[in-house]
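Trainee: Could you walk me through how the terms for helices and pockets get applied here?
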2 protein chains.
Amino acid sequence: MRALGVDPGLSATGYGIVEGAGTAFRLVAKGTIRTKPGDPLPRRLRAIFAALERVVEEHDPQVVAVEEVFLAKNVSAAMLTAQVAGVVALLADGREFLSFSPRQVKKFICGYGDAPKVQVLGMVEHLLGTGGLVSDHAADALALAVCALLSRR
Amino acid sequence: MRALGVDPGLSATGYGIVEGAGTAFRLVAKGTIRTKPGDPLPRRLRAIFAALERVVEEHDPQVVAVEEVFLAKNVSAAMLTAQVAGVVALLADGREFLSFSPRQVKKFICGYGDAPKVQVLGMVEHLLGTGGLVSDHAADALALAVCALLSRR
């Protein structure tokens with residue numbers, strides 16, 4: 001089973017593909033899609049769509065997991081992130097689509113919702129058998145992909 | 001100049017195409033795209049995307065105007081509407097893209113931001129030379145299209 005995790009963001013969208021078989025996980029691909037702040041919104045969304053479409057076509061994940069957009073202090077930023085999440089959901093048509101809150105990710109990966117971010121990252125590294133994951137959008141996306149695989153057990 | 005107005009909504013997305021030349025406006029097309037509440041989010045977004053893509057291809061609008069998603073009491077509903085708005089913005093790539101708040105629409109069409117909805121509808125009917133527009137998603141979309149044309153004068 002192969003999962004695509006996506007951490008949506010207009011300036012930077014992280015993605016990660018993880019393959020899971022039983023208790024074994026394998027990192028297949030990861031990356032961050034960046035868009036230019038000066039570009040019009042449609043062009044930025046199109047760039048994210050096109051890049052993620054290539055990832056989906058190349059890796060053909062059965063499940064797509066996205067970080068649930070929560071309402072931060074900055075409402076207009078949350079609205080933009082929700083627009084990116086809509087573009088991600090669009091790409092998930094025909095596949096299983098899941099969304100997780102940051103708290104759910106922590107709970108699935110570390111066992112409790114208050115786990116610090118560094119612990120989530122450590123656990124993802126442990127599960128994927130990789131080291132040196134830096135805390136960024138791609139790492140968050142990998143956590144979502146692992147979370148999707150764990151949730152389907 | 002041809003404008004597409006879109007009133008985004010997950011259950012019902014209204015659209016309207018208006019042609020404007022000087023002070024003359026003409027209704028070209030209007031409709032409402034409905035999706036099934038029981039369908040998964042990706043399928044519903046894909047249905048909206050596909051239907052609007054056909055409208056864009058058929059009518060080739062130079063400008064696309066969408067209603068700005070504002071934060072209503074129901075935050076999760078607003079987040080879903082924002083996801084639909086993202087799908088609309090994606091389709092506007094390569095065209096001029098505008099967004100208007102309900103208040104801006106009222107101001108552009110009736111001259112003041114506190115205009116009652118029925119007055120906006122009456123003015124849109126007057127400008128388009130049509131009667132019998134009922135207050136619905138398609139009418140709201142036509143108002144957005146007219147607003148886009150008025151704003152570009």
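This is a predicted model: local features need pLDDT of at least 70, side-chain atom pairs count only at pLDDT 80 or more; totals for chains, interfaces and linings use all residues.

Trainee: What makes the crossing of α1(A) and α2(A) right-handed or left-handed?

Mentor: The rule is that a crossing is right-handed if the near helix is turned clockwise from the far one by less than a right angle, and left-handed if anticlockwise. The axes of α1 (residues 41–59) and α2 (residues 75–91) of chain A cross at roughly 35 degrees, and α1(A) passes α2(A) in a right-handed crossing.

Trainee: Which residues of α1(A) and α2(A) make the contact?

Mentor: Contact means heavy atoms within 4.5 Å. Among them are A:L45 and A:F49 of α1(A), with A:V84 and A:V87 of α2(A). The contact residues divide into 11 nonpolar, one polar and one charged.

Trainee: How much space lies in the largest pocket?

Mentor: About 410 Å³, where a volume is the space filled by probe spheres set on the grid points.

Trainee: Which element gives the most to the lining of the largest pocket?

Mentor: α4(B), with four residues. In total, 22 residues line that pocket, and B:D7 and B:K117 are among those nearest its centre. By class, the lining has 13 nonpolar, three polar and six charged residues.

Trainee: And what gives the most to the lining of the second largest pocket?

Mentor: That is α2(B), with five residues. The second largest pocket holds about 290 Å³ of space.

Key
Residues are numbered from 1 along each chain as its sequence is written. Chains are lettered from A and ligands numbered from 1 in the order in which they are written. Side-chain values use heavy atoms; hydrogens and water are left out. Axes are lines fitted to C-alpha atoms, for helices over the stretch in contact, and angles run from 0 to 180 degrees between N-to-C directions. Helices (H or I, at least four residues) and strands (E, at least two) are DSSP runs, numbered from the N terminus. Ala, Val, Leu, Ile, Met, Phe, Trp, Tyr, Cys and Pro count as nonpolar, Asp, Glu, Lys and Arg as charged, and the others, Gly among them, as polar. On a 1 Å grid over the protein atoms alone, a cavity is a set of points where a 1.4 Å probe fits but cannot get out, and a pocket is an open set with protein on both sides within 12 Å along at least five of seven lines; lining residues have an atom within 4 Å of a point.
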